[in-house]
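Please look over the sequence and the model shown here before reading on. The report that follows takes up a loop residue, a sheet and several helix contacts in turn.

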Amino acid sequence: MSYVTRRQRAEQRKKYIFLDLDGTITESAGAILSSAEHALKKLGIVDDDPEKKRAFIGPPLTVGFMELYGLSGEALTQAIKYYREFYVGGCYKDAPLYEGMEETLMKLHEEGRLLMIVTSKPKYIAQMVADYHRLERFFSAVIGPVEEKAKSGKEDLIETAAREVIRQIGDERLTVSDIYREAVMIGDRKYDMEAARNLGLTSIGALYGYGTREELQQAGADYIVEKPCDILQVLQSL
């Protein structure tokens, strides 16, 4: 009878865990929507459509303001400016960690996995959120765009994270493809799942976030979890 020892099982585990921020680590809907409503109000736009608000959470601001509200040019620039001023002014603190997330991150860290935040939120703002919640205890890097982009660019961000893994490990023989094979992307929207699928990473959809089960399934999620603590159970099987 063949069996797998604890040591062998540990070696088989996925080593690199990439997590989205909004809707995956932090319950950020309130902060995001308050900032968006502030920006829209400054532009004279009022919208109480709950489905549109839900869709606003996840993609970069440019995508949300362009696709959902038809903004472009100077109006788009102003909307993002108003949003950022309100969000950075203190609203970002109104995004608590999901219940059970701190314990989940602590366990993953204790298991020796390398964790990184991979978000389409501008890096300097994501770092503010991470610092506020003292997430440096668990994460070795925060990966995000240095400026707002019209597209999510999640694949580019995952590649950046993989290269950062290689840099931190210090093994130049490794390639990004090597990292992808041993990495997991965890997120709550289709952008995370689609990027993982396209690059060959295992993906876990966070149903407790802002995407629906149908969205996550259609985007190719390998696993779907209903609570942060469920992430541990899934990863134990990988």
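Is Arg134 buried, exposed or partly exposed?

## A loop residue and the basis of the model

Arg134 is partly exposed, because its relative accessible area is 46%, where buried means under 20% relative accessible area, exposed means over 50%, and partly exposed lies in between (1.4 Å probe, protein chains only). The place of Arg134 is in the loop between helix H7 (123-132) and strand S3, and its phi is near 55°, a positive value in a residue other than glycine. Most residues other than glycine have a negative phi.

The model is predicted, with local features needing pLDDT of at least 70 and side-chain atom pairs counting only at pLDDT 80 or more, while totals for chains, interfaces and linings use all residues. Residues are numbered from 1 along each chain as its sequence is written, and side-chain values use heavy atoms, with hydrogens and water left out. Helices (H or I, at least four residues) and strands (E, at least two) are DSSP runs, numbered from the N terminus.

## The parallel sheet

Six strands form an open sheet in the order S3-S2-S1-S4-S5-S6, with parallel pairing; two strands pair if DSSP finds at least two bridges between them. The edge strands, each pairing on one side only, are S3 (139-143) and S6 (223-225). Neighbouring strands of this sheet are turned by 20° against each other on average, direction ignored, with axes taken as lines fitted to C-alpha atoms, for helices over the stretch in contact, and angles running from 0 to 180 degrees between N-to-C directions.

Strand S1 (residues 16-19) is joined by four bridges to strand S4 (residues 183-187), the two running parallel; Ile17 stands opposite Val184 in S4, and the bridge partner of Phe18 in S4 is Met185. On to strand S5 (residues 202-206), S4 again runs parallel and is joined by four bridges, and here the partner of Val184 is Thr202. Four bridges also join S2 to S3, which run parallel, with Val118 partnered by Ile143 in S3.

## Cover over the strands

In a regular strand the side chains alternate between the two faces of the sheet. Both faces of S4 are covered, with Ala183, Met185 and Gly187 buried on one side and Val184 and Ile186 buried on the other.

## Helix H8 and its contact with H10

What is the angle between the packed helices H8 and H10? Helix H8 (residues 154-169) and helix H10 (residues 190-199) pack at an angle of about 60°, with their axes 9 Å apart. That angle makes H8 oblique to H10, since angles under 35 degrees count as roughly parallel, over 145 as roughly antiparallel, 65 to 115 as roughly perpendicular and the rest as oblique.

The contact (heavy atoms within 4.5 Å) is made by Lys154, Glu155 and Ile158 of H8 and by Tyr191, Asp192, Ala195, Ala196, Asn198 and Leu199 of H10. By class, this contact of H8 with H10 has five nonpolar, one polar and three charged residues, where Ala, Val, Leu, Ile, Met, Phe, Trp, Tyr, Cys and Pro count as nonpolar, Asp, Glu, Lys and Arg as charged, and the others, Gly among them, as polar.

## Helix H5 between two contacts

The axes of H5 and H7 come within 12 Å and cross at roughly 20°, and the two helices are therefore roughly parallel to each other. Their contact is made by Arg84, Tyr87 and Val88 of H5 with Tyr124, Ile125, Met128 and Val129 of H7, and by class it has six nonpolar, no polar and one charged residues.

With H2, by contrast, H5 packs at an angle of about 135°, the axes lying 8 Å apart, which makes H2 oblique to H5. In H2, the residues Ala31, Ile32, Ser34, Ser35, Ala36, His38, Ala39 and Lys42 meet Ala79, Tyr82, Tyr83, Phe86 and Tyr87 in H5, and the residues of this contact divide into nine nonpolar, three polar and one charged.

## Helix H4

In helix H4 (residues 61-69), the buried residues are Leu61, Thr62, Val63, Gly64, Phe65 and Tyr69. What covers them includes helix H2 (29-42), helix H3 (50-56) and helix H5 (73-88). Just after H4, Gly70 takes a positive phi of about 65°.
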